[in-house]
Amino acid sequence: MQAEHIEAAVNFGSQLLAYSDEFTIGGAKPTVQLSTAAIGITSALTLGLFGALGLLLTKPGTGKIALSEEEASALEAVSSLYDVTDADKAVTERGTAGEVKRKQAAEKFKLDYQRGKDVREVRDKTLAYAEVEGALLAALLRAAAPQEGEVFFDLGSGMGRALLSAAALHPELGECVGVEFLAGLHKQAQGYASKLSRAVPRAAPVRLVNADFCDPSVDISNAGIVFAYSTRYATASDGITLTELGEKLKELPKGARVITTDRRLRAPDFQLIKQINDPNGDLQLTTGFVWRKAT
Ligand SMILES: C[S@@+](CC[C@H](N)C(=O)[O-])C[C@H]1O[C@@H](n2cnc3c(N)ncnc32)[C@H](O)[C@@H]1O
């Protein structure tokens, strides 16, 4: 919403300036009064714009999403598996220092996979690593309304942080399955997953699969909820509609919910249930979408 307001303010400001420049009386250039008024209003808009930007750029993690006590403690328990030391917990513009280290490790795992292969034949951008913000995931999951015994999938599960968070947030889930392409990340995820039951004894069972989620051997036909941190996933030429993932999701049963980030699924196969914009006002301007498979 804030981003929309900023865009509207910028548009309105530039319209005003354009109008004052075009305004003529008897062929004369704009009057001083109009220019002064335009400058005054534009300054006010600019101040408002910076005020809104200030709100947008609040400290990461300060959070505008209200979490229940259970949600907060589930997320905290999972965070403590990933960011162990105080140094790991330090907040940077790219996430915690721990997440920055994990991104560097993920880049190395990607290069290991690409080494010696023809660049035209290997995946690259779609393998970009990041971890979804916990409060955003919690809010999106709430909108997806997990049911007792449902199976949750994270397609592109990385080191498993979103997967373990879902298992901790929703112990009622029957199983949480993470599918990750890069072997190095899959192995790291196994390490974190082995510690989950000690950190969150009630967590739902977790299973990790090292595969390309597009592969027909990856069976998602029993999924109740699918999550994909899809911000860098392949899209159609419109730059926003998911292609590979959209194709895979055709295998889902009717009524399954899908959570995507920054990318959309094609209607009418999927109906949008909920959109959450930049919830935490941090520097990772992620928009989350919750969809329901309609057919
Ligand atoms: C942005 S990360 C998200 C990690 C995790 N979901 C989280 O939020 O913590 C996306 C992950 O998807 C993996 N990925 C991308 N395309 C994939 C595919 N076709 N099959 C399996 N994994 C894939 C990448 O290697 C990367 O680890």
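Predicted model: local features only at pLDDT ≥ 70, side-chain atom pairs only at ≥ 80, totals over all residues.

Student: Which residues come nearest the ligand?
Tutor: V132, G156, G158, A162 and F181, out of 21 residues around the ligand. Being near means a C-beta atom, placed from the backbone, within 6 Å.

Student: And which elements supply at least two residues of that shell?
Tutor: α7 (161-169) and β4 (175-180) each do. Helices (H or I, at least four residues) and strands (E, at least two) are DSSP runs, numbered from the N terminus.

Student: New topic: which residues touch the most other members in the largest nonpolar core?
Tutor: F153, A166, A167, C176 and V226, in a core of 64 residues. Such a core joins buried Ala, Val, Leu, Ile, Met, Phe, Trp, Tyr and Cys residues through C-beta atoms within 7 Å. Helix α6 (residues 134-144) gives the largest share, eight residues.

Student: Is strand β6 enclosed or open?
Tutor: Largely enclosed by the rest of the structure, because six of the six residues in β6 (residues 223-228) are buried. Buried means 20 or more other C-beta atoms within 10 Å of a residue's own, with C-beta atoms placed from the backbone.

Student: What does β6 pair with in the parallel sense over four bridges?
Tutor: Strand β7 (residues 257-261), with V226 opposite V258. Pairing takes at least two DSSP bridges between two strands. Four bridges also join β6 to β3 (residues 151-155), again parallel, and F152 stands opposite I225 there.

Definitions and conventions: Residues numbered from 1 in each chain as written. Buried ≥ 20, exposed ≤ 12 C-beta atoms within 10 Å, placed from the backbone.
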